[in-house]
Amino acid sequence: MQNRDNYFDLVYQVVKLIPKGRVTSYGAIANYLGLKSGARMVGYAMNASHSQPDIPAHRVVNRNGVLTGKHHFPHPEFMQQQLESEGIKVRNDKILEFEKIFWDPNNLEI
DNA sequence: CAGGTGACCCATG
DNA sequence: ACATGGGCCACCT
């Protein structure tokens, strides 16, 4: 299942599994899926997520907890607004308590 | 066909 | 602690 067409869906499935009020990173998804392509392809897949509904892309941030992809949303503030709507605090385009609300797909203890 | 780009990450100076 | 460079690979021009 190394079809690129499939890995897009795989990323979508993982992103859909992100619990509300939690966030994850591109690298974590790449690691969970075993994508040697690295985290970059995960971000690339997210870029195509506009075609798929129910993709909480706002719950996916980089390893720094920074909203790197906020510019790709309908509005730059949309991503932060969605995060705050779920109880996630964002300050200066960075998620507060990032380690606390971080959700690792490979370590589902919740 | 070749070069450039990218919602990233890691190692090194 | 900050700055820089390299690596990774799919997609676009």
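Here is a short talk through the features of this predicted model.

Q: Let's begin with the overall picture. How many helices and strands does chain A have?

A: Chain A has five helices and four strands.

Q: What does the radius of gyration tell me about chain A?

A: You set it beside the value for a compact globule. For 110 residues that value would be near 13 Å, and chain A has 13 Å, so the two agree. The C-alpha trace spans about 40 × 30 × 20 Å along its principal axes.

Q: Where is N106, and what is it in contact with?

A: N106 sits in the segment after α5 (98-101). Beyond its neighbours within four places in sequence, N106 is in contact with N31 and Y32.

Q: Is N106 buried or exposed?

A: N106 has 9 others within 10 Å, so N106 is exposed. Now try F78, in helix α4 (residues 76-85). F78 has 13 C-beta neighbours inside 10 Å, so F78 counts as partly exposed. Over the whole of chain A, buried residues make up 26% of the 110 residues.

Q: How do I read the sides of a helix?

A: In α3 (39-47), the buried ones are V42, A45 and M46. They fall within an arc of 100° seen down the axis of α3, so they line one face of the helix. On the other side of α3, R40 and N47 are exposed.

Q: Which residues of α4 are buried, and what do they pack against?

A: M79, Q80 and L83 are buried in α4. Their arc around the axis is only 90°, which puts them on the same side of α4. The buried residues of α4 pack against β3 (90-91) and β4 (94-95). Just after α4, look for G87, with a positive phi of about 95°.

Q: What about the largest nonpolar core: which residues touch the most other members?

A: This core has 24 residues, and V11, I29 and V42 touch the most other members. At least two residues each come from α1 (4-16), α2, α3, β2 (60-61) and α4, with α2 giving the most, five residues. Take V42 as a case: leaving aside neighbours within four places in sequence, V42 is in contact with V11, Y26, I29, A30 and L35.

Q: Last one. Which residues are closest to DNA strand B?

A: Of the 18 residues that surround DNA strand B, the closest are G43, N62, R63, T68 and G69. Two elements give two or more residues to this surface: α2 (26-33) and α3 (39-47). α3 gives the most, with six residues. Sorted by type, the surface near DNA strand B has six nonpolar, ten polar and two charged residues.

Key:
Residues are numbered from 1 along each chain as its sequence is written. Chains are lettered from A and ligands numbered from 1 in the order in which they are written. This is a predicted model: local features need pLDDT of at least 70, side-chain atom pairs count only at pLDDT 80 or more; totals for chains, interfaces and linings use all residues. A residue is near a molecule or strand if its C-beta atom, placed from the backbone, lies within 6 Å of it. Ala, Val, Leu, Ile, Met, Phe, Trp, Tyr, Cys and Pro count as nonpolar, Asp, Glu, Lys and Arg as charged, and the others, Gly among them, as polar. A residue is buried if 20 or more other C-beta atoms lie within 10 Å of its own, exposed if 12 or fewer, and partly exposed in between; C-beta atoms are placed from the backbone. The arc is that of the directions from the helix axis to the C-beta atoms. Two residues are in contact if their C-beta atoms, placed from the backbone, lie within 7 Å. A nonpolar core is a set of buried Ala, Val, Leu, Ile, Met, Phe, Trp, Tyr and Cys residues joined through C-beta atoms within 7 Å. The radius of gyration is taken over C-alpha atoms; the globule rule is 2.2 Å times the number of residues to the power 0.38.
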